[in-house]
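Here are my notes for you to read alongside the model. Take them one point at a time and find each spot as you go.

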Amino acid sequence: MSETHVTPVHTPSRSYEVHVGRGLLGTVGSLVAKACPTVTHVALILDSNVAPLYAKPVEESLGAAGIAVSTINFPAGEEHKRLSTLGDILERMAQAGLTRSDAVVAVGGGVTGDMAGLAAALYQRGIQVVQVPTSLLAMVDSSVGGKTAVDLEAGKNLAGAFLQPSLVVADIDCLATVSPELLRDSCGEMIKHGVLADEKLFDQLREDPVCAPGFDPDRLVGIVARNVQIKRDVVDADEQEHGRRQTLNLGHTIGHAIEAASDFTLGHGSCVAAGLCCVARASARLGWCEQDVADRIVACVEAYGLPTNTDIDHDTLLDYAARDKKRRADGVTLVVPTRIGAVELRKVSLEELRHVIDLGCGE
């Protein structure tokens with residue numbers, strides 16, 4: 001059995017720990033009791049796919065720690081990440097009698113973490129949330145950093161709030177129930193982290209894809225923990241995305257446009273991977289990075305069987321990018337790689353972004 005990695009996060013609004021290891025579901029209760037000593041009652045929130053797998057062990061762990069549990073399930077899928085679902089969760093939390101000193105425990109992937117986190121941020125003007133991610137994408141990205149949101153008709157994650165968790169518990173053994181396709185998709189964010197901040201991690205991911213059958217889960221513990229540390233370092237420095245945290249959007253400007261234009265039929269990690277390759281190709285052609293940087297990024301994404309481009313019409317991509325929540329009145333802040341392990345922020349107008357899309361998403 002591998003060791004458990006504990007990564008401390010210190011933001012202006014809250015400090016907390018991220019635990020990454022194996023066999024951790026049975027420790028959720030004791031960890032919650034330690035991290036949230038005032039909590040006597042939690043709303044355990046899971047979607048309809050995850051609940052049959054993990055509701056019982058988490059309920060038992062919380063119960064053993066003397067914490068009452070009200071379990072709330074909602075229908076799985078991005079299409080249910082809506083205000084109507086959020087309203088139903090909040091009503092059920094109120095019916096369960098949760099108080100301001102209680103908490104939400106989110107068990108599942110990114111949709112569950114977002115929904116449950118926003119419910120915690122809104123309920124009685126804010127209660128604590130504990131994130132227990134069960135997908136690789138949620139473990140390395142969405143469970144850490146405090147972003148919570150739901151989708152609106154106009155776009156993804158347009159209604160949300162910042163609420164740092166009080167605790168994150170990532171049990172690598174949960175990935176045994178994740179499909180190979182979803183596991184592969186999640187690797188898009190891991191590759192992004194390597195390009196963003198760690199050439200050694202990038203090379204490790206490229207040379208030995210973690211989505212390959214039989215990949216050692218003990219090794220994966222360390223890789224996930226390293227991804228968490230990269231995100232932690234950024235979030236500690238810029239909690240609410242006024243500067244450095246914007247670098248985490250590497251690949252997302254075009255990636256989110258691809259995701260929205262596909263009506264969310266393509267996985268988030270796959271869209272980020274394609275967006276990352278597109279911005280890397282454009283950066284090389286504009287002289288913002290060497291061609292070798294773009295070539296290495298594309299080769300790494302190809303090694304995972306993830307898309308390196310899109311056939312979506314460029315006008316459509318620009319239209320969706322213009323609606324993205326990250327847009328400012330004078331354009332967008334584009335994250336571009338300068339080398340493997342380093343990026344820079346560039347303010348571009350929508351006209352300049354169209355040129356980037358043309359250069360990066362063309363042949």
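1. How are helix 10 and helix 13 oriented to each other: roughly parallel, roughly antiparallel or roughly perpendicular? Before the answer, some housekeeping: this is a predicted model, where local features need pLDDT of at least 70 and side-chain atom pairs count only at pLDDT 80 or more, while totals for chains, interfaces and linings use all residues. Residues are numbered from 1 along each chain as its sequence is written, and side-chain values use heavy atoms, with hydrogens and water left out.

2. Now the answer. Helix 10 (residues 268-286) packs against helix 13 (residues 350-360) at an angle of about 100°, and their axes lie 7 Å apart. The two helices are therefore roughly perpendicular to each other. On that scale, angles under 35 degrees are roughly parallel, over 145 roughly antiparallel, 65 to 115 roughly perpendicular, and the rest oblique. The axes are lines fitted to C-alpha atoms, for helices over the stretch in contact, and the angles run from 0 to 180 degrees between N-to-C directions. Helices (H or I, at least four residues) and strands (E, at least two) are DSSP runs, numbered from the N terminus.

3. Which residues make that contact? Helix 10 brings Cys278, Arg281, Ala282, Arg285 and Leu286, and helix 13 brings His355, Val356, Leu359 and Gly360. Contact here means heavy atoms within 4.5 Å. By type, the residues of this contact divide into 5 nonpolar, 2 polar and 2 charged.

4. Trp288 is buried, at 19% relative accessible area. (Buried means under 20%, exposed over 50%, and partly exposed in between, with a 1.4 Å probe and protein chains only.) Leaving out residues up to four places away in sequence, Trp288 touches Ser283, Leu334, Val336, Pro337, Thr338, Arg346 and Val356.

5. How many disulfides does the structure hold? The count is 0, where a disulfide is a pair of cysteine sulfur atoms within 2.5 Å. The sulfur of Cys187 has its closest cysteine sulfur in Cys211, 4.7 Å away, which is too far for a bond. Cys361 is in no disulfide either, and the nearest cysteine sulfur, that of Cys278, is 3.2 Å away. Both Cys187, at 1% relative accessible area, and Cys361, at 5%, are buried.

6. On to the inside. The largest nonpolar core has 75 residues, and Val20, Ile191, Val210, Val224, Ile297 and Tyr304 touch the most other members. Helix 10 gives the most to this core, with 10 residues. A nonpolar core is a set of buried Ala, Val, Leu, Ile, Met, Phe, Trp, Tyr and Cys residues joined through side-chain atoms within 4.5 Å. Take Val224: setting aside residues up to four places away in sequence, it touches Val20, Leu136, Met139, Val140 and Ile172. There is also a second, separate core of 25 residues, including Cys36, Val42, Val130 and Cys174.

7. Now Thr112, in helix 4 (residues 110-122). Is Thr112 buried or exposed? Thr112 counts as buried, at 0% relative accessibility. Apart from neighbours within four places in sequence, its contacts are Ile45, Leu46, Asp47, Phe74, Ala106, Val107 and Gly117. Asp47 is also touched by Ala76, which sits in the loop between strand 4 (68-74) and helix 3 (83-95).

8. Most residues other than glycine have a negative phi. Asn157 has a positive phi of about 60° although it is not a glycine, and Asp263, another non-glycine, has a positive phi near 60°. Asn157 lies in strand 8 (residues 155-162) and is buried at 15% relative accessible area. Asp263 is in the loop between helix 9 and helix 10 and is exposed, at 58%.

Definitions and conventions:
Nonpolar A, V, L, I, M, F, W, Y, C, P; charged D, E, K, R; others polar.
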